[in-house]
Amino acid sequence: MKKAISVITLISLILGIFFGFYGRDLVGKIEFVGSTYITVLKYLILPVIFTSISVSIYQSAGNREFLVLRAVVLFLGMFVISFLLSSVIVLLIDPAKGAEFLSSETAVSTLDIRIGDFFINLLPKDIAGLFTGKYLFFIIVLSYLFGLISHRTKAEKVINVIIKIRDFCYRILNYLQYVTPMAVFSLIATAINRFGMDTIMAGLKYILTAYVCGIAVLVIVMILPLKYYCRLPLRELLRKISPIWLITLSTCSSAATLPYTIKLCREDLKIDPDITDIVVPLGCTIHMCGGAVSFSLLGLFCARAFGLNLDLGAYLYMLMIAVILNMSAPGIPSGGVVIGATYLEMMGLPLTFIGLYTGIYKILDMLYTTLNVTGDISANVILDHIIKKEK
């Protein structure tokens, strides 16, 4: 069913482009569908983020802390390098050049974020403010603390309630997937009606830039360290990993690939099972390198499309939010779209691009999942190599 929805969504994208050019009367009547879809998505962000993080932290807090800590540090290092590398490529290609996505929606020309003001405004002034997206960072911090304290106090009954709420939110997101094709049709048709060929060109340039960034990250962050640091023969390495890529490209799921990834690491790469059994599932949970490309491109593209300039403080804030969100919401249906919308909300950017982003996300997800799984394998090999050298 999920594959069918993906195909229908792609067809809806094509039909939306056609009716955007040739069905202007219809576009005005269906515009509310896309707007409603975005609104529902925004209201689901808070409960999904809180429940997912809380449960994830609760369930993982009891694992081998030192090995987990070393793995997390390695994953973070790979994420930051991938994010910076992708940012350079995005700035060089500038895929948003010529794209005007309602840039008049925001009145500022610089995304001015001061660290002092950020911490002063961290706590919400009222409960209603939690649902505006302005205080999502507070929700994320609270979720981490809630999950950790629940683990330390053995509050299993409380977590069971949170799990039920999380599963309920996931079910709503599953139902929302059935509406996605209609929403994509509405949003794309509306965008085409307003901006014409600029919308199509922006989508194509976005996909092209993502794959250029992905190839650069794959080579520099993953393949070369394994060849020169871990001394693995390049041809043999590619021969062993390439079957995994066929699975990631077809399933777009790190979880579905997990058994094959573990088997590859244990049997073909001869990695210690005690390391593999922790590092690979951990990587499958926090998804790093593909997320780095995704967040870097999405943030810089939208900032440029809306006519905003990012100073160093705003860029570092963007990186910090990307790291936190990337580790925060594992296993969410349509997770890339939900987290992408959350990311833009926290950056203070309009969600206008999410319509086009939803339509092309399947093509992007093939790349991001492949990078995530390959990053898990690379981190596992590197950590195994480090521990063996220590011994």
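**A residue and its surroundings**

Analyst: Thr261 lies in helix H9; helices (H or I, at least four residues) and strands (E, at least two) are DSSP runs, numbered from the N terminus. This is a predicted model, in which local features need pLDDT of at least 70 and side-chain atom pairs count only at pLDDT 80 or more, while totals for chains, interfaces and linings use all residues. Residues are numbered from 1 along each chain as its sequence is written, and side-chain values use heavy atoms, with hydrogens and water left out.

User: Is Thr261 buried or exposed?

Analyst: Thr261 counts as buried because its relative accessibility is 3%. Buried means under 20% relative accessible area, exposed means over 50%, and partly exposed is in between (1.4 Å probe, protein chains only).

User: And what does Thr261 touch?

Analyst: Leaving aside residues up to four places away in sequence, Thr261 touches Ile244, Val280, Val373 and Ile377. Contact here means heavy atoms within 4.5 Å.

User: Which residues of H9 and H10 meet?

Analyst: On the H9 side they are Ser254, Ala255, Leu258, Thr261, Ile262, Cys265 and Arg266. On the H10 side they are Pro273, Thr276, Asp277, Val280, Pro281 and Cys284.

User: How are two packed helices described?

Analyst: The description uses the angle between their axes and the distance between the axes. Helix H9 (residues 254-268) and helix H10 (residues 273-286) pack at an angle of about 155°, with their axes 10 Å apart. Axes are lines fitted to C-alpha atoms, for helices over the stretch in contact, and angles run from 0 to 180 degrees between N-to-C directions. H9 and H10 are therefore roughly antiparallel to each other. Angles under 35 degrees count as roughly parallel, over 145 as roughly antiparallel, 65 to 115 as roughly perpendicular and the rest as oblique.

User: What about H11 and H12, at what angle do they cross?

Analyst: The axes of helix H11 (residues 289-305) and helix H12 (residues 312-326) cross at roughly 140° and come within 10 Å. H11 and H12 are therefore oblique to each other. Their contact is made by Gly291, Phe295, Gly299 and Leu300 of H11, together with Tyr315, Met318, Ala322, Leu325 and Asn326 of H12.

User: Changing topic: how many disulfides does the structure hold?

Analyst: The structure holds 0 disulfides, a disulfide being a pair of cysteine sulfur atoms within 2.5 Å. Cys169 counts as buried because its relative accessibility is 4%. Cys265 is also buried, because its relative accessible area is 0%.

User: Which residues other than glycine have a positive phi?

Analyst: Asp94 is one of them, with phi near 55°, and Arg231 is another, with phi near 60°. Most residues other than glycine have a negative phi.

User: Where are they?

Analyst: Asp94 is in the loop between helix H3 (65-93) and strand S1 (110-111), and counts as partly exposed because its relative accessibility is 21%. Arg231 is in the loop between helix H7 (197-228) and helix H8 (234-251). Arg231 counts as exposed because its relative accessibility is 65%.

User: Finally, how many helices and strands are there in the protein?

Analyst: There are 14 helices and 2 strands. Of the 391 residues in the protein, 54% are buried. Among contacts between residues at least 6 apart in sequence, 84% join residues at least 24 apart.
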